[in-house]
Amino acid sequence: MNPEQFLHWLEQIYNTSEAEIDCEHLQAILPAFVDFEIGGGNLPAERLAPVRAHLAHCPDCADEYEGLRTVARLEAQGRLPQVEESLAQFEAESASADGIAVTS
Ligand SMILES: [Zn+2]
């Protein structure tokens with residue numbers, strides 16, 4: 001998922017989400033979410049509110065989020081180059097498994 005897709009994804013969530021994001025969908029975008037945070041991506045806070053709200057009350061997703069953050073930080077330091085591949089694979093699997101087609 002590239003940054004543009006991620007933003008579009010968030011847009012969809014933000015626009016359609018009276019209901020809460022479910023865990024499956026949230027975890028599908030978490031890698032991109034973490035990439036944005038680690039990379040210093042500049043997103044409006046209200047855009048991220050649904051994601052943060054879910055993380056605040058869902059221990060499962062919070063764990064996933066923390067794990068991804070840890071890996072991303074290590075990657076940023078160049079300490080876990082071999083993880084990058086599996087993480088990319090994970091992202092690809094998540095993107096194809098989440099059932100939401102991002103069309104623009
Ligand atoms: Zn959750």
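Which helix holds Tyr65? Tyr65 sits in helix α4. The model is predicted.

**Overall layout**

The protein has five helices and zero strands. Along the sequence the pattern reads α-α-α-α-α. The protein counts 104 residues, and 19% of them are buried. Take the contacts between residues at least 6 apart in sequence: 77% of these join residues at least 24 apart.

**Tyr65 and its surroundings**

Tyr65 is buried, because 22 C-beta neighbours lie inside 10 Å and the cut-off for buried is 20 or more. Its contacts, leaving aside neighbours within four places in sequence, are Leu30, Val34 and Leu55.

**The nonpolar core**

In soluble globular proteins, nonpolar side chains tend to be buried together. The largest nonpolar core here has 15 residues. Leu26, Ile29, Leu30, Phe33, Val34, Tyr65 and Leu68 touch the most other members. Helices α1 (3-16), α2, α3 and α4 each supply at least two residues of this core. The largest share comes from α2, with seven residues.

**How α2 meets α4**

Two packed helices are described by the angle between their axes and the distance between the axes. Helix α2 spans residues 23-38, and helix α4 spans residues 59-76. Their axes come within 9 Å and cross at roughly 30°. Angles under 35 degrees count as roughly parallel, so α2 is roughly parallel to α4. The crossing of α2 and α4 is right-handed.

Which residues of α2 and α4 make the contact? From α2 come Cys23, Leu26, Gln27, Leu30, Pro31, Val34, Asp35 and Ile38. From α4 come Asp60, Cys61, Glu64, Tyr65, Leu68, Arg69, Ala72, Arg73 and Ala76. By class, this contact of α2 with α4 has 11 nonpolar, one polar and five charged residues.

**Pairs along the chain and in space**

The table sets the separation along the chain beside the C-alpha distance.

| Pair | Apart in sequence | C-alpha to C-alpha |
|---|---|---|
| Glu24 and Cys61 | 37 residues | 9.1 Å |
| Val71 and Val34 | 37 residues | 9.8 Å |
| Arg52 and Ala62 | 10 residues | 9.3 Å |

**Buried or exposed?**

Glu24 lies in helix α2. Glu24 has 13 other C-beta atoms within 10 Å, so it is partly exposed. Val71 is placed in helix α4. Val71 has 19 C-beta neighbours inside 10 Å and therefore counts as partly exposed. The cut-off for buried is 20 or more.

Arg52 belongs to helix α3, which covers residues 45-57. Is Arg52 buried or exposed? Arg52 counts as exposed, because 11 C-beta neighbours lie inside 10 Å and the cut-off for exposed is 12 or fewer.

**Back to the start**

Tyr65 links several of these topics. Tyr65 is part of the α2 and α4 contact. Tyr65 is also among the core residues that touch the most other members. Two of its contacts, Leu30 and Val34, are listed among those core residues as well.

Methods
Residues numbered from 1 in each chain as written. Predicted model: local features only at pLDDT ≥ 70, side-chain atom pairs only at ≥ 80, totals over all residues. Axes fitted to C-alpha atoms, helices over the stretch in contact; angles between N-to-C directions. Helix = DSSP H or I, 4+ residues; strand = E, 2+ residues; numbered from the N terminus. Parallel < 35°, antiparallel > 145°, perpendicular 65-115°, else oblique. Left-handed = near helix turned anticlockwise from the far one by under 90°. Contact = placed C-beta atoms within 7 Å. Nonpolar A, V, L, I, M, F, W, Y, C, P; charged D, E, K, R; others polar. Core = buried A, V, L, I, M, F, W, Y, C linked by C-beta atoms within 7 Å.
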